[in-house]
Amino acid sequence: MAGTWRARAMQERMARVLSSNLFGARAGMSRHYPRPSGGRTKQLDSELLKRNDFTTLSFIPERHGFLTPKFADGVRSFSSADLPPHEVVTMPALSPTMTQGNVGNWKKQEGDRVAAGDVLCDIETDKATLDFETLEDGILVKILMPSGSRDVPVGKALCVIAESEEDVAKFASYSEGGDQSAPQASAPKQQAPVSSSSAPCPRTPPADLPPHQILAMPALSPTMTQGNVGTWRKKEGDQIAAGDVLCDIETDKATLDFESLEDGYLAKIIIPSGSKDVQVGMELCIIAESGEDLDKFASYSDASASAATTSVSKPTETAYEPTPAPMTSSTVKGNIGPAVKKLLAESGLNVSQIQGTGPGGMIIKGDVLAAIKGGMKPLAGDKAGDKVKGAAAQTDAAAPKSAPSKAPTPDTSLTFEDIPNTPIRKIIAKRLLESKNIIPHAYVQSDTTLDATLRFRKYLKDTHGINVSVNDFVIKAAALALKEVPDANAFWDDKVGDRVNNNSIDISIAVATDKGLITPILKNADQKSLSTISAEVKTLVEKARNGKLKPHEFQGGTFSISNLGMFQVDHFCAIINPPQACILAVGRGVQKVVWDEDSNGPKTVTQMLVTISVDHRVYGGDTASQFLAAFRKNLANPQRMLL
């Protein structure tokens with residue numbers, strides 16, 4: 001009987017919940033109702049209560065006898081018995097990788113009536129800035145996260161929407177937890193200063209300006225934190241349409257077209273052409289709705305853009321003009337090393353001419369090199385032997401007996417040129433340093449015979465007019481080897497703490513460009529013919545060197561190949577490109593004399609030494625050996641790669 005009573009009570013409670021439509025919450029919202037008193041409840045889980053995008057709803061017992069939903073996706077439920085029915089709108093997850101976001105401009109104010117579909121505010125995600133719309137009708141009674149709030153976690157309360165205008169005053173002291181007596185724990189009204197390494201958030205535009213849109217530096221690749229502004233294709237005052245290219249953006253991977261998503265007029269260019277290291281999120285330009293409003297933006301400026309505009313510079317030749325420091329006893333204090341003595345003897349400089357920057361004023365090697373590079377001349381009347389003796393004598397004494405009152409004026413004829421580092425080289429340096437520090441590299445080498453491949457390549461060219469390079473054969477052989485040894489086509493997943501096999505075989509090809517190394521990707525290489533691989537590789541290499549690769553053409557990849565054989569490199573060890581777990585380093589083909597067991601005598605063959613660098617968390621020595629064995633077999637019998 002007890003079990004039957006419990007089952008009947010549970011069914012009645014479930015029917016009451018379903019009929020009350022309490023679970024109309026959508027992504028980013030949770031509905032709130034006052035809790036009635038009295039009674040008791042029990043915990044209940046039911047697959048019948050799946051709604052919208054939510055997974056299983058869990059019911060937890062409340063002291064007031066009311067079933068409160070607790071969503072599996074982490075949306076919290078805030079309510080108070082003293083508050084009327086309301087909804088707390090939370091920070092939504094607007095992209096798969098989003099864990100937090102920034103609150104831009106609020107389009108509605110407290111007390112405004114909102115309808116389903118109205119834009120509440122701008123949300124800056126890890127990918128772009130999007131409009132956040134309300135899904136319910138009501139009154140915006142409280143803004144918990146003001147404009148400019150940064151790094152707001154997904155699920156954090158943003159605002160409160162009530163049903164009636166009479167309820168606005170009841171939420172005046174509302175805090176996130178729903179406790180009116182507690183101090184309000186909302187974000188500060190003024191945005192805290194951020195470091196130069198973080199992406200700035202576009203500021204709130206002045207209220208006296210006509211309707212307009214501020215376009216900011218977008219994140220055009222997962223690793224992009226800053227970019228360079230190339231040539232502006234449009235000028236201030238030009239009319240633009242959705243899809244028009246505004247300017248070129250040089251990312252950490254390639255140079256891409258930045259298109260407008262709205263119609264209007266280019267009212268103001270904030271970041272000019274040639275600006276370097278512009279942070280993601282920094283204001284680029286302003287799009288106005290009407291051409292009659294262009295004059296109103298003439299004096300618009302963004303203080304955060306000053307750093308970017310001052311960085312617009314080209315390499316210039318500048319004369320080295322060091323300011324000579326006064327000579328003191330500390331200048332030559334302490335002993336000098338043999339390297340310093342050798343440099344002094346070779347350059348003819350006297351130790352009394354150089355200002356020491358080492359401990360206690362000691363002269364170090366860098367001081368002498370700087371003086372030589374600066375064009376410092378020897379003292380008049382000194383000879384090379386006297387200079388060396390003078391240097392030794394002065395370093396043996398605690399201080400020089402006499403020092404010239406003023407150092408001679410250095411020669412300013414020496415010029416130098418500052419060459420700025422490109423964003424792609426900065427990213428390469430950062431990622432490869434992380435790779436060597438985090439990934440346990442292991443290396444396996446093997447000689448591969450190329451004679452059969454070279455003969456088959458010549459046959460294809462002479463007979464069928466198909467010109468396929470040795471690198472194309474290497475790519476095909478590696479792809480088929482990965483298919484034969486699927487354990488080699490894997491990576492390390494930090495989230496699960498284990499190796500994970502890839503579902504496709506996508507070969508990343510290392511290409512050297514003027515801006516740095518980039519790895520365009522040959523998708524599904526195991527399924528393509530040699531001629532197709534050859535044609536696609538040529539296209540990818542050309543686009544990479546011209547900076548025209550699209551993001552999907554260089555993002556991803558499951559296996560990398562770096563071939564330096566064309567540079568007459570015999571062998572080398574490559575650094576793994578994370579998150580991949582392997583890279584194959586290919587050297588040049590070299591003729592060697594080996595012993596032929598079939599003819600029982602020596603013969604000359606062409607061999608190529610390849611080195612595979614593997615993540616030892618993913619690969620063992622046996623897996624690497626199996627891959628190399630399959631790779632050698634494919635090149636030794638290239639006809640099997642046509643099957």
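## Questions on a predicted model

Buried residues make up 42% of the 643 residues in the protein chain. The model is predicted.

Biologist: How many helices and strands does the protein chain have?

Modeller: The model is a predicted one. Its secondary structure was counted over the protein chain. The count comes to 11 helices and 32 strands.

Biologist: What share of the contacts with a separation of 6 or more joins residues 24 or more positions apart?

Modeller: Take the contacts in the protein chain with a separation of 6 or more. Those between residues 24 or more positions apart account for 65%.

Biologist: What is the accessible surface of the protein chain, and what part of it belongs to carbon and sulfur atoms?

Modeller: The accessible surface comes to about 33,700 Å². The part that belongs to carbon and sulfur atoms is 52%.

Biologist: Which element gives the most residues to the largest nonpolar core?

Modeller: The largest nonpolar core has 54 residues. Ile 507, Phe 559, Ile 561, Leu 584, Tyr 619, Phe 627 and Phe 631 have the most contacts inside it. Elements giving two or more residues to this core include H7 (451–464), S31 (582–596), S32 (601–615) and H11 (621–636). The most, 9 residues, come from H8.

Biologist: Which residues does Tyr 619 contact, leaving aside its neighbours within four places in sequence?

Modeller: Tyr 619 is among the residues with the most contacts inside the largest core. Phe 559 is another of them. Beyond four places in sequence, the contacts of Tyr 619 are Ala 488, Asn 489, Phe 559, Ala 581, Cys 582, Val 614 and Ala 624.

Biologist: How far does helix H9 reach from its first C-alpha to its last?

Modeller: H9 spans residues 530–545, which is 16 residues. At 1.5 Å a residue, 22 Å is expected. The reach in the model is close to that, at 22 Å.

Biologist: Why do the buried residues of H9 lie on the same side, and what arc do they cover?

Modeller: The buried residues are Leu 530, Ile 533, Ser 534, Val 537, Leu 540, Val 541 and Ala 544. They lie on the same side of H9 because the arc they cover around the axis is only 140°.

Biologist: Which residues are exposed on the other side of H9?

Modeller: The buried residues of H9 are covered by elements including H8 (470–484), S26 (507–509) and H10 (551–554). The other side has exposed residues. They are Lys 538 and Glu 542.

Biologist: Is Val 537 buried or exposed?

Modeller: Val 537 lies in helix H9. Not counting residues up to four places away in sequence, Val 537 touches Asp 472, Ile 475, Ile 509 and Leu 522. Val 537 and Ile 475 are 62 residues apart in sequence, yet 9.8 Å apart in space, C-alpha to C-alpha. With a relative accessible area of 8%, under the 20% cut-off, Val 537 is therefore buried.

Biologist: Which residue with a positive phi follows H9?

Modeller: Its phi is near 70°. The residue is Gly 547.

Biologist: Where is Asp 151, and what is its relative accessible area?

Modeller: Asp 151 is not a glycine, yet its phi is positive, near 55°. It lies in the loop between S10 (138–143) and S11. Asp 151 is partly exposed, with a relative accessible area of 45%.

Biologist: What is the relative accessible area of Asp 277?

Modeller: Asp 277 also has a positive phi, about 50°, although it is not a glycine. It is placed in the loop between S18 (264–269) and S19 (278–279). Asp 277 is partly exposed, at 31%.

Biologist: Which peptide bond is cis, with omega near 10°?

Modeller: Look at the loop between S30 and S31, where Pro 579 is found. The cis bond runs from Pro 578 to Pro 579.

Biologist: Which residue stands opposite Val 103 in S8?

Modeller: S9-S8-S6-S11 is the order of an open antiparallel sheet. Its edge strands are S9 (129–133) and S11 (152–153). S6 and S8 run antiparallel, joined by 3 bridges. Opposite Val 103 stands Ile 123.

Biologist: Which residue in S20 stands opposite Gln 213?

Modeller: Another open sheet has the order S13-S20-S18-S15, with antiparallel pairing. S13 and S20 are joined by 5 bridges. The residue opposite Gln 213 is Ile 287.

How values were computed
Residues are numbered from 1 along each chain as its sequence is written. This is a predicted model: local features need pLDDT of at least 70, side-chain atom pairs count only at pLDDT 80 or more; totals for chains, interfaces and linings use all residues. Side-chain values use heavy atoms; hydrogens and water are left out. Helices (H or I, at least four residues) and strands (E, at least two) are DSSP runs, numbered from the N terminus. The expected span of a helix is 1.5 Å times one less than its number of residues. Buried means under 20% relative accessible area, exposed over 50%, partly exposed in between (1.4 Å probe, protein chains only). The arc is that of the directions from the helix axis to the C-beta atoms. Contact means heavy atoms within 4.5 Å. Two strands pair if DSSP finds at least two bridges between them. Accessible areas come from the Shrake-Rupley method with a 1.4 Å probe; for residues, only the protein chains shown count as cover. A nonpolar core is a set of buried Ala, Val, Leu, Ile, Met, Phe, Trp, Tyr and Cys residues joined through side-chain atoms within 4.5 Å.
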